[in-house]
Amino acid sequence: MTYLMIQNQRKISVLNELQNLQEKIRKEGAESKVKKFVSLLENLKLLERQESEIRCDFDEKRSSLEAEVSDLEEKIAAGSDSKMLSRGLDGSLNESLQKLNSAKRELAAKLRAIVSIKRQLDDAPSQSELIQYECRLSELNAHIQEKLQQTRKFYATYNALLEIKELMLKETSLLNSINSQFQEAIASTTGRMKLLESMQGIVKGSQQKLGKVQLGLQEEQKVCDALKERYTAAMAEQRRCYSLLKAFQEECARNEKLQSQTSA
């Protein structure tokens, strides 16, 4: 009976909250209130079904007990043998004890199952913990990407300096070669012509090398522009994800609040 009273109180509380929600929906027209109303309506139907099942079970047990009491009263009124009546009472008592023990075993099994499910729920991370994990993973990913960019920058700087070193070594070798052969080359007309041709070849090679470097610079500039466009699009997507995450967190908070209200 106490459980029935609790169920009635819960049903009355849900009905009152439904009426309040209906008034708020008519005044505000908010979609979230409509969803809350539908959820509470489903909970009300569930409570009504539970109440009906409990009433049916209670009525069956009461009818069975009333039948047994009537049978005993008839036997007592008819003046049955006390031994037979005692045997009947003992049999009814044993049967009741067996039913009670069976019900206790079933209840213990259900309690163990409930405890196991609660442990599984406790082991599972909550919504707030999942959001924290996601934030930490995002921070770790950002840190890894930053380190990767630094490493790539250092490798690019090393390769550029190595190329500059090779060019300077070639330039030093060429200047040493010209310096060692200059006096001998200008002593004759043929030597001067060879020196001039050699210098023209050097200038042509330098121009070709400069053209290759400029072409590579243009390619790098194209890649840089493409990366800037991708970065701009990624920042816009990040802002959109942050707004969606904020809305999702608000909806989760509303859902938890609604569940706490319905379970109270």
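In this predicted model, the side chains of glutamate 251 and arginine 254 meet in a salt bridge, with 3.2 Å from N to O. The two residues lie 3 apart in helix H5, which means that about one helical turn separates them. This pair belongs to a set of 3 salt bridges that a search of the whole structure finds, and the points below place that set within the chain.

**The chain as a whole**
- The chain holds 5 helices and 0 strands, so that its elements, read from the N terminus on, run α-α-α-α-α.
- Of the 264 residues, 7% count as buried, while the accessible surface comes to about 22,200 Å², with 57% of that area belonging to carbon and sulfur atoms.
- Among contacts between residues at least 6 apart in sequence, 61% join residues at least 24 apart.

- Glutamate 237 has a relative accessible area of 36% and is partly exposed, as is arginine 240 at 42%.

- Glutamate 163 pairs with lysine 209 in a salt bridge whose closest N and O atoms are 3.9 Å apart.
- This pair links distant parts of the chain, since glutamate 163 sits in helix H4 (residues 127-185) and lysine 209 in helix H5 (residues 189-263), 46 residues apart.
- Glutamate 163 is partly exposed at 36%, and lysine 209 is partly exposed at 36% relative accessibility.

Terms used
Residues numbered from 1 in each chain as written. Predicted model: local features only at pLDDT ≥ 70, side-chain atom pairs only at ≥ 80, totals over all residues. Heavy atoms only, no water. Helix = DSSP H or I, 4+ residues; strand = E, 2+ residues; numbered from the N terminus. Buried < 20%, exposed > 50% of the residue type's maximum accessible area, 1.4 Å probe, protein only. Contact = heavy atoms within 4.5 Å. Areas by Shrake-Rupley, 256 points an atom, 1.4 Å probe, with all protein chains shown as cover. Salt bridge = Lys/Arg side-chain N within 4 Å of Asp/Glu carboxyl O.
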